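Reader: I am new to this structure. Please take me through it in short steps.

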Amino acid sequence: LRKKRILWCGEASYLSTGYSVYQKEVLSRLHATGKYELAELAAFGDISEPAQRWRTLPWKFYPVQPARGDRAGWEQYNQNALYRFGSWRFEATCLDFHPDVVLSIRDFWMDEFIERSPFRPFYSWLLMPTVDAAPQNRQWLATYANADGVFTYSDWGLEVLREQAGDRIRLLGSAPPGADAALFTPVQDRKAHRESLGLDPDALIVGTVMRNQRRKLYPDLIDAFALFLRENPDLAQRTYLYLHTSYPDAWHIPELVRDSGIAHKILFTYICRACGAVFPSFFRDGRTACLACGQAKACLPNTHHGVGRDVLAKVLNAFDCYVQYANSEGFGMPQVEAALCGLPVFATDYSAMADVVRKVKGFPIKVERFLHEAETGCRRALPDNRDFARQLAGFLRLPASVRAKHGFAAHRAARQHYDYDHTAKLWEAAIDALPLREDWNSPPRLHRPAAAVPAGLTDEEAVQWGMVHVAGRPDLVNSYTALRMARDLALDMTPVNPSAVYFNDLSTLGLEQTWLSFNRQNAMTELLKLCEEKNAWERRRAAL
Ligand SMILES: [Zn+2]
């Protein structure tokens, strides 16, 4: 019996993004079983980088990026903003590797090409979408329903899918990321640790580690903290808010700090681009003099000059408690890392946060109300500032020994719930339960498209008929693409977006839309393209 071939579609596993780390941890454990042949199709993967980090991987590596200097490749790569996620290399990779199973763990719009590939009958697909809000768009649900198994990042996401489409989606449970318990661990002497960072050892510090993005509610967090200070003059003297975040980025931090009236109570992490020193400070603009080397090269971290994960552990260990103040989260890893460092966690009682904050025995923050988001149709939560201010005061008033007990409970719970050994076993069991699909060496199945659409069909029936008889893709009859096409026929219009893909209009890359008229003839033209694409790939498969 040959080994199953597993292809992971994600981001290069030598990078340090959340997707990369998960992929590397799980693939390493699958590799250690010796049961599979493994490969990754790596977004942002670059075989021509001088460090050649891909060479250290013990599995096959297919880069999505063209090599440096490959002019024609880059020209093609840049034609479509979605290519960077892997769609333009997927079929060629399949022909070389012949996967039995394809795995993916990203947002719907990054991975939906796996559903509409002409090679879909040849592999099983296990998917873990980032369900970060409810309700999930019904077009995403159609895609999830076409996967052979679906994991979620959190139990909360699992419940959302179960409620909306539990009868149609093959739900496998939640497979959350593990956390690095060796790196994120409580320091023995928090006071001495504070002093080493130049912080007051007797201060009370409530901190957060969130990228400066729209859904991270920095303005509201600062408002809530200002409210806490006003209502608790006895604690105000020695309590600080610590924001480990990036700038420049989504929120205009200087204005938020200036307008808050509490600039002297908010700390930030600065990192020196000259000597690498890292130090906390009150806000000193986007760039300031480095405390170590004196050069004006100290900046807030951003995606280009981030801080290492060891530094992150040091920053977290300077806090007394941690807060995640976001309107929604796909997961929210820093909550788990904070808990591992022995910090009690506060978090908005919505989306994955509602699950994580309970698992690490933290304190959910009430939702004041929900906002409906036009782009996705999902609800986003607004945490209740008064509730957070009240809960924070209650916690900080507890005797230090009681606060320490909460921290220890958080640490223990995080170790118990977020463990990659356990998570990798879930993937392994799901892979082993899948039957082998069609043989990659079977004769090509070319389709001859039907010429005319029968009269008397509704729009939806016309699309379904066309999927089978024009496109030759019965597997896509209930797909996102078919639903989308029926919708466009009902509207008489189709959106044209900058990424220029008919099949995917839900990416954030396509938010600014113009519309073209759309009729059945246009629909059949698109279906014919699907047929031609499939026939072309089938011919290549046979030639190989
Ligand atoms: Zn410096």
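What follows is a set of questions and answers on this predicted model.

Reader: How many helices and strands does the protein chain have?
Author: This is a predicted model. Its protein chain holds both kinds of element. The count is 20 helices and 20 strands.

Reader: What share of the residues in the protein chain is buried?
Author: Buried means under 20% relative accessible area. The share is taken over the 544 residues of the protein chain. Buried residues make up 56%.

Reader: What share of the contacts with a separation of 6 or more comes from residues 24 or more positions apart?
Author: Take the contacts in the protein chain with a separation of 6 or more. Among these, count residues 24 or more positions apart. They account for 64%.

Reader: Which strands stand at the edges of the open sheet of 7 strands?
Author: The order is β3-β2-β1-β4-β5-β6-β7, and the pairing is parallel. An edge strand has a single partner, so one side of it is left without a neighbour in the sheet. From one strand to the next, the twist averages 20°. The edge strands are β3 (60-63) and β7 (171-174).

Reader: Which residue in β7 stands opposite T152?
Author: Strand β6 covers residues 149-152. β6 pairs with β7 in the parallel sense, over 3 bridges. Opposite T152 stands S174.

Reader: Is S124 buried or exposed?
Author: S124 is found in strand β5 (residues 124-127). Leaving out residues up to four places away in sequence, S124 touches D100, V101, V102, D148, L434, P435 and R437. Its relative accessibility is 1%, and the cut-off for buried is under 20%. So S124 counts as buried.

Reader: How far apart are the C-alpha atoms of S124 and I6?
Author: Along the chain, S124 and I6 are 118 residues apart. Their C-alpha atoms are separated by 9.6 Å.

Reader: Which elements do the buried residues of α7 pack against?
Author: Helix α7 covers residues 155-165. Its buried residues are W156, G157, L158, V160, L161 and A165. They pack against α6 (138-145), β6, β7 and α14 (351-359).

Reader: How many residues of helix α3 are buried?
Author: Helix α3 (residues 87-97) is mostly covered. Its buried residues include W88, F90, L95 and F97. Just after α3, H98 takes a positive phi of about 55°. The count of buried residues in α3 is 8 of 11.

Reader: Which kind of pair do the rings of Y22 and W427 form?
Author: The model has 35 aromatic pairs. In this one the centres are 6.5 Å apart and the planes stand at 75°. Planes over 60 degrees apart count as edge-to-face. So the pair of Y22 and W427 is edge-to-face.

Reader: How many residues apart in sequence are the parts that Y22 and W427 tie together?
Author: Y22 lies in helix α1 (residues 18-33), and W427 lies in helix α17 (residues 420-432). Y22 and W427 are both buried. The parts tied together are 405 residues apart.

Reader: Which kind of pair do Y242 and F319 form?
Author: Y242 is in strand β9 (residues 239-244), and F319 is in the loop between α12 (309-316) and β14 (321-324). Y242 counts as buried at 2% relative accessibility, and F319 does at 0%. The ring centres are 5.1 Å apart and the planes are at 55°. So the pair is tilted.

Reader: Which ring does the charged end of R379 sit over?
Author: The model also has K265 over the face of Y240, 4.3 Å from the ring centre. For R379, the distance to the ring centre is 5.6 Å. The ring is that of F370.

Reader: Which residue takes a positive phi in the hairpin of β10 and β11?
Author: Strands β10 (residues 266-272) and β11 (residues 278-282) run antiparallel, joined by 5 bridges. I271 has V278 as its bridge partner in β11. Between the strands are 5 residues. The positive phi, near 85°, belongs to G276.

Definitions and conventions
Residues numbered from 1 in each chain as written. Predicted model: local features only at pLDDT ≥ 70, side-chain atom pairs only at ≥ 80, totals over all residues. Heavy atoms only, no water. Buried < 20%, exposed > 50% of the residue type's maximum accessible area, 1.4 Å probe, protein only. Helix = DSSP H or I, 4+ residues; strand = E, 2+ residues; numbered from the N terminus. Phe/Tyr/Trp six-rings, centres within 6.5 Å; stacked < 30°, edge-to-face > 60°. Lys NZ or Arg CZ within 6 Å of the ring centre and 35° of its normal. Pairing = 2+ DSSP bridges. Axes fitted to C-alpha atoms, helices over the stretch in contact; angles between N-to-C directions. Contact = heavy atoms within 4.5 Å.
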